[in-house]
Amino acid sequence: MQSDTSPVADADVPGEGAGSGRSREAAGESPRRVLRNETLIVLALSLGASAVSALISFIGSLTKPGGLKHQAATLNASHAPGRPWLDLAWQLFGIATALVPVLLVAHLLLRERAGGLRAIGFDRRRPGFDLGMGAALAAVIGGSGLLLYLGARAAGVNLTVVPEGLPDVWWKIPVLIASAVQNAVLEEVIVVGYLLRRLGQLGWTPVAAVAASSVLRGSYHLYQGVGGFFGNMVMGVVFALLYRRWGRVGPLVAAHALIDTVAFLGYALLAGRVGWLPTG
C-alpha cells in the first residue's frame, strides 16, 4: 500500500524483511515483549480504558427500561452548572489531561530515535496537503456519518447523541473547538499512527493491524450504541488505510477536528430550531 520509505514501513518486524535493520534501531533492540507491554500500557492510559468504559456504559443503557433511542449520551457536558468560571477550569483541565497520552507517545518515539511524532506524520512539513485532504475527507465522512447516525437512532439501536450541553457563556465556542481538536489529536495519534506502528513492529499483518485499529475505534464509541460502534469502525478502516497510503496522521487529525467542530457547533446553533435533529 505504500513505499518502504514511509514511517509505517520502518515499523517492520525486527529480524524480518528489508526494514528489519531500521526497526531494530527504532525499537532500541527491545524484545517483542517490551514493545507489547508498552503498547498495552499506552492503551490502558488512553483509548483502551475508554473502550472498557464505553462497553460498561452500553451494557447499562441496554439494561435500562425505555430503549436506546429514548436515552441520551452527552459529549461535552457542564461540570459545574451555574458556576461558569469553575466550569471553564474543569473544561480546560479535562482537555489538557486528555492529551497527556499523546505526549507519552511522542516521548516513546523520541526514545527509539524515530523523530517523535514526526515519525507518524504529525508535524508541519506538509500543511497544505494535511488541511486539503483533511477537508475533503471530512466532507465525505461527516455527511455519511450523520445519515448513519439518524438511521441507527430511527432503528432504535443508537442513543440520542447530544454533542454539547454547555451553558451559553463567552467561552462555550472556544471550548467546543478545543475539545474537537483534542479528540482528533488523541484518537488519530494513538489509535492510528502509534498503534499501527507498534503492531507492525510486533509482527502483525497489515490486515490484522487495520482491523484491530478500527475495532478499537468503534469500541470506545460504543456508549453511543450499535450505530456509533459500526459507524466509527468503518471510519477507522478508512483512516487506517489512508494512513498506510500517506504515512501521515496530519490529514486524519484535520478531518477529525473538522468533523467534530461542525458537529459540536452545528448542534449548539441548530438544536431546538430544526425538526430533524434529535435533542434527547
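I looked up H7 and helix H8 (residues 206–219) and found them packing at an angle of about 155 degrees, with their axes 9 Å apart, so H7 and H8 are roughly antiparallel to each other (angles over 145 degrees count as roughly antiparallel, under 35 as roughly parallel, 65 to 115 as roughly perpendicular and the rest as oblique). Axes are lines fitted to C-alpha atoms, for helices over the stretch in contact, and angles run from 0 to 180 degrees between N-to-C directions; helices are DSSP runs (H or I, at least four residues) numbered from the N terminus. This is a predicted model, in which local features need pLDDT of at least 70 and side-chain atom pairs count only at pLDDT 80 or more, while totals for chains, interfaces and linings use all residues. Residues are numbered from 1 along each chain as its sequence is written, and side-chain values use heavy atoms, with hydrogens and water left out.

I then turned to helix H4 (residues 84–98) and helix H7 (residues 172–201), whose axes come within 9 Å and cross at roughly 15 degrees; H4 and H7 are therefore roughly parallel to each other. The contact (heavy atoms within 4.5 Å) involves Leu 88, Gln 91, Ile 95 and Ala 98 of H4 with Val 175, Ala 178, Ser 179, Gln 182 and Leu 186 of H7.

Last, I checked Gln 182, which lies in helix H7 and is buried, with a relative accessible area of 10% (buried means under 20%, with a 1.4 Å probe and protein chains only). Leaving aside neighbours within four places in sequence, Gln 182 is in contact with Ile 95, Ala 98 and Leu 99.

How values were computed: Helix = DSSP H or I, 4+ residues; strand = E, 2+ residues; numbered from the N terminus. Buried < 20%, exposed > 50% of the residue type's maximum accessible area, 1.4 Å probe, protein only.
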